[in-house]
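Welcome! Let us walk through a protein structure together, one question at a time.

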Amino acid sequence: SFEVVLQDGKNEKRFLLNRSYYGLYIPRMIWRSLENFSTNSLALIVSDSVYDEFDYIRDFEIYKKAANG
């Protein structure tokens with residue numbers, strides 16, 4: 001199991017993923033972090049596009065400004 005922490009720049013919500021048949025869709029412009037992995041847990045990340053490092057914001061303060069206009 002592990003927790004997915006989602007933030008939209010104003011609110012935070014946590015999801016505990018503890019079953020192999022559960023998934024979580026995260027739309028664009030949602031800040032996410034993965035925490036509290038249990039022993040031998042695994043996360044599978046699926047995307048509809050090829051990874052491009054320049055598509056991502058890596059600083060939360062910059063993200064909050066972009067998300068909140």
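Q: In which sense do β1 and strand β2 pair, and over how many bridges?
A: This is a predicted model, in which local features need pLDDT of at least 70 and side-chain atom pairs count only at pLDDT 80 or more, while totals for chains, interfaces and linings use all residues. Residues are numbered from 1 along each chain as its sequence is written, and side-chain values use heavy atoms, leaving out hydrogens and water. Strands are DSSP runs of E with at least two residues, helices are runs of H or I with at least four, both numbered from the N terminus, and two strands pair if DSSP finds at least two bridges between them. For β1 and β2 (residues 12–17), the sense is antiparallel, over six bridges.

Q: Which residue in the hairpin of β1 and β2 takes a positive phi?
A: Four residues lie between the two strands of this hairpin. The residue with a positive phi, near 100 degrees, is Gly9.

Q: In what order do the three strands form the sheet?
A: Strands of a sheet pair through backbone hydrogen bonds, either parallel or antiparallel. Here the sheet is open and the pairing is antiparallel. The strand order is β2-β1-β3.

Q: Which are the edge strands?
A: An edge strand here pairs on one side only.

Q: Which residue in β3 does Val4 stand opposite?
A: β1 and β3 run antiparallel and are joined by five bridges. Val4 also has a residue opposite it in β2, namely Phe15. In β3, the residue opposite Val4 is Leu34.

Q: How many of the six residues of β1 are buried?
A: Buried means under 20% relative accessible area, exposed over 50%, and partly exposed in between, using a 1.4 Å probe and protein chains only. In a regular strand the side chains alternate between the two faces of the sheet. In β1 both faces are covered, with Phe2, Val4 and Leu6 buried on one side and Glu3, Val5 and Gln7 on the other. The number of buried residues in β1 is six.

Q: Is Asp52 buried or partly exposed, and what is its relative accessible area?
A: Asp52 sits in the loop between β3 and α1 (60–67). It is partly exposed because its relative accessible area is 33%.

Q: At the start of α1, which residue's backbone nitrogen does a side-chain oxygen of Asp59 reach?
A: The oxygen comes to within 2.9 Å of that nitrogen. The nitrogen belongs to Glu61.

Q: What is the volume of the largest pocket?
A: On a 1 Å grid over the protein atoms alone, a pocket is an open set of points with protein on both sides within 12 Å along at least five of seven lines, and lining residues have an atom within 4 Å of a point. Grid points are joined across faces, edges and corners, and the volume is the space filled by probe spheres set on the points. For the largest pocket, that volume is about 1500 Å³.

Q: Which element gives the most to the lining of the largest pocket?
A: Of the 35 residues that line this pocket, the closest to its centre are Ile26, Arg32, Ile45, Val46 and Tyr56. The elements that give two or more residues to the lining are β1 (2–7) and β3 (31–35). The top contributor, with three residues, is β3.

How values were computed
On a 1 Å grid over the protein atoms alone, a cavity is a set of points where a 1.4 Å probe fits but cannot get out, and a pocket is an open set with protein on both sides within 12 Å along at least five of seven lines; lining residues have an atom within 4 Å of a point. A polar contact is a pair of N or O atoms within 3.5 Å; within protein, one must be able to donate a hydrogen and the other to accept it, and residues adjacent in sequence count only if both atoms are side-chain atoms.
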